[in-house]
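Subject: The structure I promised you

Hi,

My notes on it follow below.

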Amino acid sequence: MGYEVSYNEFDYAKAYLVCQKVTRDLEEVQERVKAAQRAAEQSQHRLSALGMSVCKVVRSPSLDVLASKLVGGLALVNLSSQDSKDITATIGQARGNYEAAEARVEHEILLTSVPHAIAEIFSGMKDNDMRPPTEDMETALRLMMFFRIDLTSGWGQTFGQQIVNQTKHLATVLRHFRNQQNKEIVITQKDPPEYVSVDGGLDSYYELHSMLEDQGPEENGKFMVVQTDKDSYIVMLPGTQDGREYESPFDDVGVGDGFGYESENYADAIAQALEDSGAKDGSEVTFSGYSQGGIHAAQLMKNKKLKGKFKLNKMITLGSPIASIDIPDDVRSLSLEDKKDMVPGLDGTPNKNRGRHHLTTIFDGPSERIKRLTREESTFGTPHKLINYGDHLQELDLDTRPEVRERLDAFHLPRTPIKTQKFKIQRKPRTMTKEQQEKVVKHLGTISPGH
Amino acid sequence: MMFSATLDSMAFQLDDAQKTTRFAITQLDSIGSLTWQSQAGQAFYDRVVNLSSWLEKLNQVLADAEGYMSSATREIQELELEIMKQKLVF
C-alpha cells in the first residue's frame, strides 16, 4: 500500500513529480545505451565483413571492450529504471493515501460540527448583507456534499474534488438543456484598435477591465487583447454577463465551460484574436480575468494549444474561484480575493499559495470609500464589484515588502499608450470544414441503395 | 570513412545518455532537501539515495565506455586503411 502518511503533503507531491521525471529520463537513457550498444556490435560485424573481403580476420579490441561496457551499462540502467518506477509508484500511492486520509478527517470534522457550521454561516451572512463571505460559502458547499444523490461514492476525495466533480456533471446537464453541445465559440466582430494610457501600476488592470464591464448588453461577449510591447500581450477576460438579451459565451454556461471543460472551447478564438493583434509564435502572453474571466484565465494557462503557440508566463485573477484548478509551476500568478466576497468560495476550497510563483492576497472587505460609491442590490454585492478589486489592486501596490514587491513588479505595465483591441465572441453551430464535407460525400458515395 | 557516421552517432548517444543520467542524479538530490520525518519517509529517502548511487555507477560506466570510443575509432581507422591497401594490392 505504499508508505504511510507523513507530515508534508507538498514534499510528497514534489518528490512524486521528481520521481516521475527521473523515470522518464531513465527510459531515455535506456534507449540511448541500447542504440550505442547496437551501433558498436554492428560496427564490429561490418569490420569483420570488410576483413573477409581481403581474406583477413579483423577485429577492434577496443570496440569489443566498449560493447561489453555498454552491456554492463544497459543492465545497470534496466535495474535503475525498474527501481525508479517502483519508487514512483510507491510515493504516488503514499500521496494518494495521504489525500484520502485527509479527506476522511475533513469529513469527520465537518460531520461532527454541522450545527456549529450552520450557525457560523448564518452569523457570517448577517454581517455581510445576507451574503455568505468566502469562507462560509466554502463551508456551505461542503455541507451540501453530504446531501449528494451519489452519496455512497467519492468519500475518499476531498470536498473540493467532490464539488468540482458535481460542477462538471452540472455543466454537462446545462449544456444539454441549453442545446450547446454542437456549438463552437467563434469571433464575430473585431473592434478597431484603440490606444489607451494607464499609469502602469497594478490598478491599470482595473482600468483595462473596466473597458469590458457594465458597457451595456451590446458589448456582451467581448474580451480584449492588449499589446504592452513589441512581443508581449495581455488577454483580458470579463466577468459573468447576462446572456438572455444578447447572447454571450461569458454567461452562466461559461462558468460550466470553465469548470467542466477547462475552457477548451475558448482557446481557438483567443489564439485567433492574439494572432489578429500581431502576436507570433513564442510571444509572451499574460491572462487577466475578473470573476468568471479568472476561471478561464487559470484553465487556459495549461491549455495545450495556447501553450504550444505562445509563452504563457503570467496570470492575474480578481475574485475568481480557482483553488481547484492546477496552474503550471512556471506561471507567475497573482490572485486577489475579498474575504466578504462569496464568489471565490464557489469551488468550496480556499485558494492557497501553490508555490513561490503564486501569490494569493486576501483583503478584509471593501473600504468605506467603496461602500459609499456602490449600491448593494447586485447578486454578489459590493465585495464582488470590479471597482472593489480595483481598490484592492491599489492597496496591494503600496506593499513595500521586498519579497512581495519582486512579485508585483513583474505585473507592471508601460506608461506609454498601449494598443487595445476588443473581440466579440459568440456560440455558433459547428460548421464542417471543406475537407470534412468532402469526407462525408465520399462516405455517402460508398453506401449502396437498398434493393 | 565508412564508419564515421556510425561512430559519430554512437558518440552522440553516449554523450546524451551521460548528460541525462547526471541530470537525473541532480533531480534525485533535490529530494534530499525535502522533509522526511517519519520512518516511512526515511525509508523512501534511503531508496532514493540507493538509486542515486546506482546512477553514479552507471555514469562511471558510460564515462569509461566513452573513453574507449576514441581508441576504437583509431583502431577502426587503421584497420580500414590496412584493408584498403590490401584491396589495392589485389
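How many helices and strands make up the secondary structure of chain A? The count comes to 14 helices and nine strands, whereas chain B has two helices and zero strands. Helices here are DSSP runs of H or I with at least four residues, strands are runs of E with at least two, and both are numbered from the N terminus.

Before you go further, some housekeeping. This is a predicted model, so local features need pLDDT of at least 70 and side-chain atom pairs count only at pLDDT 80 or more, while totals for chains, interfaces and linings use all residues. Residues are numbered from 1 along each chain as its sequence is written, and chains are lettered from A and ligands numbered from 1 in the order in which they are written.

On confidence: pLDDT is the predictor's confidence in each residue, from 0 to 100. Chain B averages 89, and 98% of its residues score at least 70. For the complex, the predictor gives an ipTM of 0.91 and a pTM of 0.65.

**How the chains meet**

Two residues are in contact if their C-beta atoms, placed from the backbone, lie within 7 Å. By that rule, 47 residues of chain A are in contact with 46 residues of chain B. On chain A's side, the elements that give two or more residues are α1 (9-52) and α2 (61-112). The largest share, 21 residues, comes from α1(A). That side of chain A divides into 25 nonpolar, twelve polar and ten charged residues.

**What is buried**

A residue is buried if 20 or more other C-beta atoms lie within 10 Å of its own, exposed if 12 or fewer, and partly exposed in between. Buried residues make up 39% of the 451 residues in chain A, and 30% of the 90 residues in chain B.

Which residues have the most contacts inside the largest nonpolar core? They are Val235(A), Ile270(A) and Leu274(A), in a core of 55 residues. A nonpolar core means a set of buried Ala, Val, Leu, Ile, Met, Phe, Trp, Tyr and Cys residues joined through C-beta atoms within 7 Å. Helix α8 (residues 267-276) of chain A gives this core its largest share, six residues. Leaving out residues up to four places away in sequence, Ile270(A) touches Val235(A), Leu300(A) and Leu306(A). A second, separate core has 43 residues, including Tyr98(A), Met10(B), Val48(B) and Leu51(B).

**Strands in chain A**

Have a look at β5 (residues 284-290) of chain A, where six of the seven residues are buried. Strands pair if DSSP finds at least two bridges between them. Strand β4 (residues 232-237) runs parallel to β5(A), with six bridges joining them, and Ile234(A) has Thr286(A) as its bridge partner in β5(A). β5(A) also pairs in the parallel sense with β6 (residues 311-318) of chain A, over seven bridges. There, Val285(A) is partnered by Leu312(A) in β6(A).

**A helix in chain B**

Not counting residues up to four places away in sequence, Gln27(B) touches Val18(A), Lys21(A) and Val22(A).

Most residues other than glycine have a negative phi. Cys55(A), in the loop between α1 and α2 of chain A, has a positive phi of about 55°. Glu262(A), in the loop between α7 (252-261) and α8 of chain A, has a positive phi near 50°. Are these two buried or exposed? Cys55(A) is exposed, with 8 other C-beta atoms within 10 Å, whereas Glu262(A) is buried, with 20.

Happy exploring!

Conventions. Nonpolar A, V, L, I, M, F, W, Y, C, P; charged D, E, K, R; others polar.
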